[in-house]
Amino acid sequence: MIIGHAMVGFTFSVLLADRLGIQRKRYISVGIMGLSFALLPDFDLALGLTGAIESGFSGLSQTREEFWEEGLRYHRGITHSLVFGFISATSFSLVSYKNKFKIIGSILALLIVIVSFLTIGLLNTITISFYMVPGLLIAFVAKEYGLDGIPVIISSFTGLLTHPLGDVFIGPSPDLLAPLPFELVSDQLRLFQDPTTHILSVFVLELVTVWVFIHVYLRINEDFILGYIRPYAFFGTFYGLISPFIKPPELGSADHIVITILMLCVTITLVRAFTFKYQGIWLGREVIKILLVSGVGIATVSVFSYIASYILILN
C-alpha cells in the first residue's frame with residue numbers, strides 16, 4: 001500500500017490545486033509534496049533497522065523477519081491518527097508562511113515532540129520525530145522555492161489525512177482518532193468476509209488508484225492514457241494460466257502474488273525496451289511513458305486474469 005499512499009497524496013493534491021486555482025506549472029510540485037507528506041506516517045518503520053541490527057544480519061529471511069517485527073511494534077501508532085495528522089499538517093502549513101506564522105508553526109512542532117516525550121515515552125517520540133523532522137524539511141524547502149502557503153496546506157493535509165484511511169483495509173486498523181478516547185474503526189475494514197476475495201479486492205482498489213494517478217499526471221501535460229498503452233499489455237493473461245499453481249492470497253500472505261506479477265511486468269517491459277533499442281528507437285521520455293503505462297496494463301490484466309481463474313477454477 002505504500003505506493004498507493006504516495007499516488008493518492010499526489011493525485012488529490014493536484015486535483016485540489018486545480019480546484020483552488022493554483023497555476024498549472026505548479027501542479028507537479030504540489031503533487032510531489034502531497035506524495036512526500038503521504039509517505040511520512042510510514043517513516044516509523046525505520047525502527048525496524050534496530051531489529052535487523054540485533055539479528056546480526058544472519059540470513060536474509062531472519063533479518064527480514066526481525067526488521068518487520070521491530071518496525072511493526074511502533075508502526076500504525078499515533079502517526080496514523082487523523083487527529084495527529086491534522087495538528088501536524090497545521091504546523092507544517094504555518095511553518096511555510098513568513099514571520100509570526102512561521103514561529104507559531106515551529107513552536108507547535110516543538111510542543112508535539114515535548115508532549116509526546118512526556119506522555120508516551122522515548123521510543124514513540126522517536127517515531128514521531130521520523131514524521132515531524134522530514135515534514136518540517138518539506139515545508140522549509142517549499143518556502144524556499146516559492147511554494148509557501150496554499151500549496152503546502154493542500155499537500156500536507158491531503159497527504160497526512162489520506163494515508164491512515166488507506167490502511168484500514170490491510171492489517172489491523174490504526175487508531176484513527178488517537179489520542180482521543182473514541183474509536184472510528186475498531187478492526188480491519190473488510191470488503192468481503194472471504195480473506196482471498198478481500199485481498200483481491202484490495203489489489204483492484206490499488207490498481208484503480210494507480211490508473212487515476214496516471215490519468216491525472218498525463219492530463220497535466222494534456223496527454224491521455226490510451227495514447228500510451230500498447231496491445232502487449234494483454235500478455236498479462238498468461239498469469240491466469242499459471243494461477244492454479246499459485247497459492248491463493250490470504251491476509252498476511254499475499255506477497256507472493258505481488259512479487260510474481262511484478263516479475264512478469266518487469267520481464268515483458270524489459271523485453272519490449274530491448275526491441276525498441278533493436279529497432280533504433282531512442283528510449284526518450286515518450287517511449288518510457290509507453291513502457292510504464294503498458295507495464296501497469298500488464299499488471300491490471302494479470303490481476304483480473306487471476307480473479308477470473310480463481311472464480312472459475314480455484315473457487
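Two residues are in contact here when heavy atoms lie within 4.5 Å of each other. With that in hand, let's walk through this predicted model, starting with the whole chain and ending with single residues.

**The chain as a whole**

Among contacts in the protein chain between residues at least 6 apart in sequence, 73% link residues at least 24 apart. The chain has 12 helices and 0 strands, and its pattern along the sequence reads α-α-α-α-α-α-α-α-α-α-α-α. The radius of gyration is 21 Å, close to the 20 Å from the globule rule for 315 residues, so the chain is as compact as a globular protein of that length. Of the 315 residues, 44% are buried.

**Where H1 meets H8**

Helix H1 covers residues 2–19, and its axis comes within 9 Å of the axis of H8, crossing at roughly 140°. Angles over 145 degrees would count as roughly antiparallel; H1 and H8 are therefore oblique to each other. The crossing of H1 past H8 is right-handed.

On the H1 side, the contact is made by His5, Val8, Gly9, Phe12, Ser13, Leu16 and Ala17, and on the H8 side by Ile154, Ser155, Thr158, Thr162, His163 and Gly166. The residues of this contact divide into 5 nonpolar, 8 polar and no charged.

| Residue | Location |
|---|---|
| Proline 179 | loop between H8 (150–166) and H9 (195–220) |
| Histidine 198 | helix H9 |
| Glutamate 222 | loop between H9 and H10 (238–242) |

Proline 179 is joined to alanine 178 by a cis peptide bond, with omega near 5°.

Is histidine 198 buried or exposed? Histidine 198 is buried, because its relative accessible area is 0%, and the cut-off for buried is under 20%. Leaving aside residues up to four places away in sequence, histidine 198 touches Phe169, Gln188, Leu189, Arg190, Leu191, Phe192 and Leu251.

Glutamate 222 has a positive phi of about 60°, although it is not a glycine. With a relative accessible area of 56%, glutamate 222 is exposed, since exposed means over 50%.

Definitions and conventions: Residues are numbered from 1 along each chain as its sequence is written. This is a predicted model: local features need pLDDT of at least 70, side-chain atom pairs count only at pLDDT 80 or more; totals for chains, interfaces and linings use all residues. Side-chain values use heavy atoms; hydrogens and water are left out. Helices (H or I, at least four residues) and strands (E, at least two) are DSSP runs, numbered from the N terminus. Buried means under 20% relative accessible area, exposed over 50%, partly exposed in between (1.4 Å probe, protein chains only). Axes are lines fitted to C-alpha atoms, for helices over the stretch in contact, and angles run from 0 to 180 degrees between N-to-C directions. Angles under 35 degrees count as roughly parallel, over 145 as roughly antiparallel, 65 to 115 as roughly perpendicular and the rest as oblique. A crossing is left-handed if the near helix is turned anticlockwise from the far one by less than a right angle, and right-handed if clockwise. Ala, Val, Leu, Ile, Met, Phe, Trp, Tyr, Cys and Pro count as nonpolar, Asp, Glu, Lys and Arg as charged, and the others, Gly among them, as polar. The radius of gyration is taken over C-alpha atoms; the globule rule is 2.2 Å times the number of residues to the power 0.38.
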